[in-house]
Amino acid sequence: MDVSSASRVVRAANQWLGALRADFWVRSPGQHDYQRVPVLGDAVTLSKESVGSIPTHLLGTADSDLGVIRGHEALVPFATGGGDDIGLYLRFRDPIGEAQEPWLRLLKEALLPIFEEQARGRVFAQEMESVMRILTHDLKSPTNAIAGFVDILFEDYGSVIPDSARELLARVRSSAGRLQTLLDGIYRLRHATFRSPQGVRSDLGRVVREAFARSRDRYPDVACVFDVSATIPDLVVDPEKLDLALSTLFDNAFKFREKSRSLRIEVAYLPQGGRRHALVVSDTSMGFEPRFQGVVLEPFRKLHPPGDYPG
């Protein structure tokens, strides 16, 4: 459960609450321990810290739908339809009085829809991941079999196959190849969408150059000038997902290049301030008109017939 949005709400509401400290304690389905996420007070980093249980002295029968209020402390519980167990721990300078309870109630009413929406999104994502797994696994074998059988027919009986039948078989083989390409695309989309990010300190320049080298190998006959910024630092990234994004951009530059001019691909690094960084990939390929942006950025949609460009 991602509590970053809920944490922003708590910090914004604290101008009325006046809490000295706030922590979320989160346990998602399948987890044994709670995760403590500091929001206000000491060590406010939003980093997760695995602990055995939430403050035990505040556990027990709730005082009301607000949870447990004991002196200077409050524990506001949240239970989502997705099975998440969430508690918001708050500590105040003075004992909690009746004047603060309406603010606590408003805060709970504001946070619960956030958690519920995230829980529904996670359930939907799990269902979609299951569907995509079936598509990429169960359909792969029969598709490969169709293409293989057509190849066998050409190899063993090519000399006696009439031209009309040969043309039909070629269309079957082409359609099977197209379906294989789509299934490969679904697999990559599934892998990029549903795999949890893995932050690793990486040589970002090397990740960029290796991704380009693989694209370069896929198009050995295409002349290309590649220019990458020399100031790209080492950063904590998900190298696999970044490689997938870069490879897609580089492949598209090769596939949709202008035939009348040489291809040039540039990668620039632009620091954004704080912990934000940007890689800007530009190329001299044909591009597309802005009015087609909604089409080309939609998965598995194309502007051109399948025979014009691969992928």
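**Overall architecture and nonpolar cores**

Among the contacts in the protein with a separation of 6 or more, 60% are made by residues 24 or more positions apart, a contact being a pair of heavy atoms within 4.5 Å. The model is a predicted one, in which local features need pLDDT of at least 70 and side-chain atom pairs count only at pLDDT 80 or more, whereas totals for chains, interfaces and linings use all residues. Residues are numbered from 1 along each chain as its sequence is written, and side-chain values use heavy atoms, with hydrogens and water left out.

The secondary structure comprises seven helices and eleven strands, where helices (H or I, at least four residues) and strands (E, at least two) are DSSP runs numbered from the N terminus. Of the 311 residues, 32% count as buried, that is, they have under 20% relative accessible area, with over 50% being exposed and the range in between partly exposed (1.4 Å probe, protein chains only). The accessible surface of the protein comes to about 18,500 Å², and carbon and sulfur atoms account for 56% of this surface; such areas come from the Shrake-Rupley method with a 1.4 Å probe, and for residues only the protein chains shown count as cover.

In soluble globular proteins, nonpolar side chains tend to be buried together. The largest nonpolar core of this model has 27 residues, and those with the most contacts inside it are Val 10, Phe 24, Leu 88, Leu 104, Leu 111 and Phe 115; a core of this kind is a set of buried Ala, Val, Leu, Ile, Met, Phe, Trp, Tyr and Cys residues joined through side-chain atoms within 4.5 Å. At least two residues of this core are supplied by each of H1, strand S1 (19-27), strand S2 (34-40), strand S5 (73-79), strand S6 (85-92) and helix H2 (101-138). Apart from this core lies another, of 20 residues, which includes Leu 204, Leu 246, Phe 254 and Tyr 269. When neighbours within four places in sequence are left aside, Leu 111 is in contact with Ala 6, Val 9, Val 10, Phe 24, Phe 78 and Leu 88.

Several individual positions were then examined. Ile 186, in helix H4 (residues 163-194), counts as buried because its relative accessibility is 14%. Although Ile 186 and Arg 133 are 53 residues apart in sequence, their C-alpha atoms are 8.8 Å apart in space. Ala 253, which is found in helix H6, has a relative accessibility of 1% and therefore counts as buried. Not counting residues up to four places away in sequence, Ala 253 touches Leu 263, Ile 265, Asp 283 and Ser 285, and the C-alpha atoms of Ala 253 and Ile 265, twelve residues apart in sequence, are separated by 7.6 Å.

Ser 202 belongs to strand S7 (residues 200-203), and its side chain reaches the backbone oxygen of Val 200 at 3.0 Å. Beyond residues up to four places away in sequence, Ser 202 touches Val 207, Pro 233, Asp 234, Leu 235, Val 237 and Pro 239. Asp 238 is located in the loop between strand S9 (234-237) and helix H6 (239-255), where the side chain of Asp 238 reaches the backbone nitrogen of Lys 241 at 3.2 Å.

Definitions and conventions: Polar contact = N/O pair within 3.5 Å; in protein donor to acceptor, adjacent residues only side chain to side chain.
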